[in-house]
Amino acid sequence: MVNTIYYDNECEKEFGDGICTRELAQTLLATAAAVLGCGYECECSLLITTAESIRRMNYETRGIDRPTDVLSFPVIDFKTPCDYGCIDENDYSIFNPDTGMLMLGDIVICRDKVFSQAEEYGHTVKRELAFLIVHSILHLFGYDHVDDSQRHEMEEMQRTILNKLNITKIHGG
């Protein structure tokens with residue numbers, strides 16, 4: 001299946017170390033969609049931004065006046081994760097009329113947080129970036145971590161997807 005990432009970077013620099021952010025995100029989306037049993041071709045956007053920009057977004061959307069690592073803006077309001085039965089195939093508010101793809105939503109990642117958290121957690125920048133992308137993709141598919149049960153389920157799914165691509169805490173991918 002074809003899955004598409006629309007990628008933009010508001011920062012002056014990429015991540016370095018040979019990381020192709022768009023390619024990594026495409027691979028993560030395709031793997032996640034397969035693992036999650038999504039029978040639709042999917043698309044989402046990924047924006048890499050600054051700490052100040054994500055701070056403003058975090059305040060405007062969540063009322064929290066500080067930078068965060070990642071924000072997710074799902075298009076579909078899944079009642080339970082991956083409940084594809086709620087999808088109306090004639091609903092053009094969730095299907096791109098130009099591509100026919102299921103629009104999952106938008107991901108915003110703070111470049112500065114990727115670097116600081118990679119250092120803090122002792123793994124590579126690629127692993128941290130991949131983790132944040134997968135974490136956000138799971139939010140777009142309806143996963144959350146409001147309570148311990150949801151958090152454990154989401155963490156297990158994150159590990160499953162990252163392990164399929166050999167992007168682990170130990171090796172960093």
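Me: Which residues does I109 touch, not counting residues up to four places away in sequence?
Reply: In this predicted model, I109 touches L46, L47, I48, T49, I54, D69, V70, V114, L129, L132 and I133. Contact here requires heavy atoms within 4.5 Å.

Me: Which residues have the most contacts inside the largest nonpolar core?
Reply: They are L102, I109 and F141, in a core of 48 residues. Helices and strands share in supplying this core: helix 1 (21-35), helix 3 (111-121), helix 4 (125-140) and helix 5 (148-164) each give at least two residues, as do strand 1 (4-9), strand 2 (42-49) and strand 4 (102-110). Helix 4 gives the most, with nine residues.

Me: How many residues make up the other core, which lies apart from the largest one?
Reply: That core has six residues, among them L47, I54, V108 and C110.

Me: What makes T49 a buried residue?
Reply: T49 belongs to strand 2. Its relative accessible area is 0%, and the cut-off for buried is under 20%; T49 is therefore buried. Leaving aside neighbours within four places in sequence, T49 is in contact with E10, C11, I54, M57, V108, I109, C110 and R111.

Me: Why is strand 2 said to be largely enclosed by the rest of the structure?
Reply: Seven of the eight residues of strand 2 are buried, so the strand is largely enclosed.

Me: What makes strand 1 and strand 3 the edge strands of the sheet?
Reply: The sheet is open and has four strands in the order 1-2-4-3, with mixed pairing. Strand 1 and strand 3 (70-74) each pair on one side only, and they are the edge strands. From one strand to the next, the twist averages 15°.

Me: How do you know that strand 1 and strand 2 pair, and in which sense?
Reply: Pairing requires at least two bridges between the strands. Strand 1 and strand 2 have six bridges, in the parallel sense. In strand 2, C44 is the bridge partner of I5, and I48 is the partner of N9.

Me: Which strands does helix 1 touch as it packs on the sheet?
Reply: Helix 1 touches strand 1, strand 2 and strand 4, and its direction makes about 150° with that of strand 1. Helix 2 (residues 51-62) lies across strand 2, strand 3 and strand 4, and runs at about 45° to strand 3.

Me: Why are helix 1 and helix 4 called oblique to each other?
Reply: Their axes cross at roughly 45° and come within 10 Å. An angle under 35 degrees would count as roughly parallel, and the roughly perpendicular range is 65 to 115. The crossing angle falls between these ranges, and the two helices are therefore oblique. The crossing is right-handed. Helix 1 makes the contact through T21, L24, A25, L28, L29 and A32, and helix 4 through K126, L129, A130, I133, V134 and I137.

Me: Why does A33 count as buried?
Reply: A33 is in helix 1. Its relative accessibility is 3%, and the cut-off is under 20%; A33 therefore counts as buried. Leaving aside neighbours within four places in sequence, A33 is in contact with N3, C38 and F141.

Me: How far apart are A33 and C82 in sequence and in space?
Reply: A33 and C82 are 49 residues apart in sequence and 9.6 Å apart in space, C-alpha to C-alpha.

Key:
Residues numbered from 1 in each chain as written. Predicted model: local features only at pLDDT ≥ 70, side-chain atom pairs only at ≥ 80, totals over all residues. Heavy atoms only, no water. Core = buried A, V, L, I, M, F, W, Y, C linked by side-chain atoms within 4.5 Å. Buried < 20%, exposed > 50% of the residue type's maximum accessible area, 1.4 Å probe, protein only. Axes fitted to C-alpha atoms, helices over the stretch in contact; angles between N-to-C directions. Parallel < 35°, antiparallel > 145°, perpendicular 65-115°, else oblique. Left-handed = near helix turned anticlockwise from the far one by under 90°.
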